[in-house]
Amino acid sequence: MNIPLIMFLAFVGLTLLITFWAAKKNTGASAYFAAGRSITGWQNGLAVAGDYMSAASFLGISGMICFYGYDGFMYSVGFLVAYITVLLVVAEPLRNAGKYTMADLLAYRLKPRPVRALASLSTLTVSTFYMIAQMVGAGVIIKRLIGLDFAPAVIGVGVLMLVYVVFGGMLATTWVQIIKALLLIAGAMLLSYLVL
């Protein structure tokens, strides 16, 4: 067995254990959508960092700064500004209304059926384009590291993501992002040490 395969299987095994643990703790909508409000500020911060520390951040933002200089840097800062805006304009009113999604809030205030249909359509449209890029990247990485063909790699990653979200809910998803953040931070620190 080669080292990338062992590391990949260890990561998948660990995250599936976390999903199993989270699935046992999910008892209702609050536990599923909001992790039962059990995530601390530090944990949530690490999860958000893990979400932002992706190939898009490391390669895309670095490339933007390389090609566009200060404008590329401002593009990277825009994510942080947008995140604060989303917290103030969207997240706080949702929490105050006791709803979990924008569709829940809009359905409460407007006619539920057309609002939910449009929210579902827009969510699926945006998610499809976003996930195509993520799945292609995952398929290429798995093909190069492990040697698995592209199509089975993409299908396997898709099934794993579905398992994480469907069974583990927000608690499992958050902990998977925390592990990802810790691994990326440790890798960046190791690279910095090796460069020095």
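The following dialogue discusses how to read surface and packing features in a predicted model.

Colleague: How many aromatic pairs does a search of the whole structure find?

Modeller: A pair of aromatic rings is described by the distance of the centres and the angle of the planes. In this predicted model, the search of the whole structure returns one aromatic pair. Its members are Tyr-70 and Phe-73, whose ring centres are 6.1 Å apart with planes at 40°, so the pair is tilted.

Colleague: Where do Tyr-70 and Phe-73 lie?

Modeller: An α-helix has 3.6 residues a turn, so residues three or four places apart point the same way. Both Tyr-70 and Phe-73 belong to helix α5, and three residues, about one turn of the helix, separate them.

Colleague: Is Tyr-70 buried or exposed, and why does Phe-73 count as partly exposed?

Modeller: Tyr-70 is exposed, because its relative accessible area is 59% and the class begins over 50%. Phe-73 has 39% relative accessibility and therefore counts as partly exposed.

Colleague: Which residues form the nonpolar patch on the surface?

Modeller: The patch consists of Tyr-52, Tyr-75, Phe-79, Tyr-83, Ile-84, Leu-87, Leu-88 and Val-89, which together have about 750 Å² of accessible area. Helix α5, residues 70-97, supplies the largest share, seven residues. Leu-88 is a residue of helix α5, and its 55% relative accessibility is why Leu-88 counts as exposed.

Colleague: Which residues of helix α6 are buried?

Modeller: In α6, residues 102-109, the buried residues are Ala-103, Asp-104, Leu-105 and Ala-107. The buried residues of α6 pack against α5 and against α7, residues 112-146.

How values were computed: Residues are numbered from 1 along each chain as its sequence is written. This is a predicted model: local features need pLDDT of at least 70, side-chain atom pairs count only at pLDDT 80 or more; totals for chains, interfaces and linings use all residues. Side-chain values use heavy atoms; hydrogens and water are left out. Patches are made of residues with over 30% relative accessible area and no salt bridge: like charges are joined within 9 Å, nonpolar side chains (Val, Leu, Ile, Met, Phe, Trp, Tyr) within 5 Å. Accessible areas come from the Shrake-Rupley method with a 1.4 Å probe; for residues, only the protein chains shown count as cover. A salt bridge is a side-chain nitrogen of Lys or Arg within 4 Å of a carboxyl oxygen of Asp or Glu. Helices (H or I, at least four residues) and strands (E, at least two) are DSSP runs, numbered from the N terminus. Buried means under 20% relative accessible area, exposed over 50%, partly exposed in between (1.4 Å probe, protein chains only). Rings of Phe, Tyr and Trp (its six-membered ring) pair if their centres lie within 6.5 Å; planes under 30 degrees apart count as stacked, over 60 as edge-to-face and the rest as tilted. Contact means heavy atoms within 4.5 Å.
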